[in-house]
Amino acid sequence: MSQSSIGRDFNKLRMIVSTLLFWYFGSVFPVWAEPKEIDTNGCRECHRLSSKEKKSDKGPDLFYAGDKFYKNWLNKFLQSPTVIREVNVFSESDFLGKKHKANNPHVALTKEGVERVASFLMTLRLPNFEVGKVSKEPLSKGERAQTKILFERSFGCISCHRALNLVGKVRGGVSGPSLVNSGLRLKPDWIFHWLKTPQKFMYEGGMPVFDLDDETTIRITKYILSIRKNP
Ligand code: HEC
Ligand code: HEC
C-alpha cells in the first residue's frame, strides 16, 4: 500500500468517526429539545404544540408559532402576559363572553425559562410555509385610505377586531384578537396566509374565510401592520 492511500484511508476513517460522534452527541443534546417548563406549566393542557395533538378548546394553537410570532414578542408575552383576546373565546363556560381574561391571567415564566421556551416555540413551523409574500414597503397614503374602507366597511373586520380610529383611540369588536400593535407580534407572511388560506392552520373557528386575491391580501396585511399605537 502506498503512503498516499494510507493517508486517504486515515482521512476517511476520521470522517466516519467524527460523523458518528456528531450523531451521538447531536441526539443526546439536541438544540431543539423541549424545555422542561412546557411540561411543568402544563402548556399542552391548553395549546396544541403539534398538529397531531388533539385540538384544545382552552387556548390558541401554537404548532406554527415560529411562522406566526416575532421572538421578541414571545419573550415579552411569556414573561409578562398581556390580554390579546378580551373575551375568553376558549372557555365554554364563557358563552356570551362574560368572563374576561383579566380574571384569568396567563401563566408567566421566569427570565431564563422564557428564553428557553421562546426559542423552542420558534422551532415550531409548518412544512412548506411560503415566505417573502409581503414586501417591507408600506402602503402609500392613498392605498391606506382605500384599504381602511375595505377593512372597516367592505369586509367588516372592525366588527370583530380592535383597531384604531382617526385620533388613535382603540375601538372595534372583541370576538377576535386585538389587531392593535399586531405588527410587533405577527409576522407579515403569516398574516398573509391566515387571510388567504386559514385552512393551512387547521383553523375551524369564528373568522369568515374571505375570497381575496394576492394584491388585496397584501394590502390588508400591510394595513394591519400599520395599526400602531405608541405606549
Ligand atoms: C390554562 C390554559 C393555558 C395554559 C396552561 C397555558 N396557556 Fe398560553 N394561552 C392560553 C389562552 C387562553 C391564551 C389566549 C390569551 C389571549 O388571547 O389573551 C394563550 C395565549 C398564549 C400565547 C399567545 C398565542 C396567540 O395566538 O395569541 C402563547 C405564545 C402562549 N399562550 C404560550 C403558552 C406557553 C408556552 C405555556 C406554558 C408555559 C402556556 N401558554 C400555558 C391558555 C393557556
Ligand atoms: C365574525 C368575526 C370576524 C371577522 C368579520 C373577521 N375576523 Fe379575523 N378573527 C376572528 C376570530 C374569532 C379570530 C381568532 C382566531 C383564533 O385566535 O383562534 C380571528 C383572527 C384574525 C387574525 C389573527 C390574529 C391572531 O392574533 O391570531 C387576523 C390577522 C385577522 N383575524 C384579521 C382579520 C381581517 C383582516 C378581517 C377582515 C378582512 C377579519 N379578520 C374579519 C374573527 C373575525
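In this predicted model, helix α7 (residues 141–154) and helix α9 (residues 214–225) have axes that come within 9 Å and cross at roughly 95°. Helices (H or I, at least four residues) and strands (E, at least two) are DSSP runs, numbered from the N terminus. Axes are lines fitted to C-alpha atoms, for helices over the stretch in contact, and angles run from 0 to 180 degrees between N-to-C directions. The two helices α7 and α9 are therefore roughly perpendicular to each other; angles under 35 degrees count as roughly parallel, over 145 as roughly antiparallel, 65 to 115 as roughly perpendicular and the rest as oblique.

On the α7 side, Glu143, Arg144, Thr147, Lys148, Leu150 and Phe151 meet Arg219, Ile220 and Tyr223 of α9. Contact is defined by C-beta atoms, placed from the backbone, that lie within 7 Å.

Another helix pair is α5 (residues 71–79) with α6 (residues 111–122), whose axes come within 9 Å and cross at roughly 135°. That angle makes α5 oblique to α6. The contact involves Lys71, Leu74, Asn75, Leu78 and Gln79 from α5, together with Lys111, Val114, Val117, Ala118, Leu121 and Met122 from α6.

Ala, Val, Leu, Ile, Met, Phe, Trp, Tyr, Cys and Pro count as nonpolar, Asp, Glu, Lys and Arg as charged, and the others, Gly among them, as polar.

| Group | Residues by class |
|---|---|
| α7 with α9 | four nonpolar, one polar, four charged residues |
| α5 with α6 | seven nonpolar, two polar, two charged residues |
| Shell around ligand 1 | 15 nonpolar, five polar, five charged residues |

Around ligand 1 there are 25 residues, of which Cys43, Cys46, Gly59, Ile84 and Arg85 come nearest. A residue belongs here if its C-beta atom, placed from the backbone, lies within 6 Å of the ligand. Two or more shell residues come from each of α2 (36–40), α3 (43–46) and α5.

The chain has nine helices and two strands. Of its 231 residues, 23% count as buried, meaning that 20 or more other C-beta atoms lie within 10 Å of their own.

Residues are numbered from 1 along each chain as its sequence is written, while chains are lettered from A and ligands numbered from 1 in the order in which they are written. Local features need pLDDT of at least 70 and side-chain atom pairs count only at pLDDT 80 or more, whereas totals for chains, interfaces and linings use all residues.

Technical notes:
Two residues are in contact if their C-beta atoms, placed from the backbone, lie within 7 Å. A residue is buried if 20 or more other C-beta atoms lie within 10 Å of its own, exposed if 12 or fewer, and partly exposed in between; C-beta atoms are placed from the backbone.
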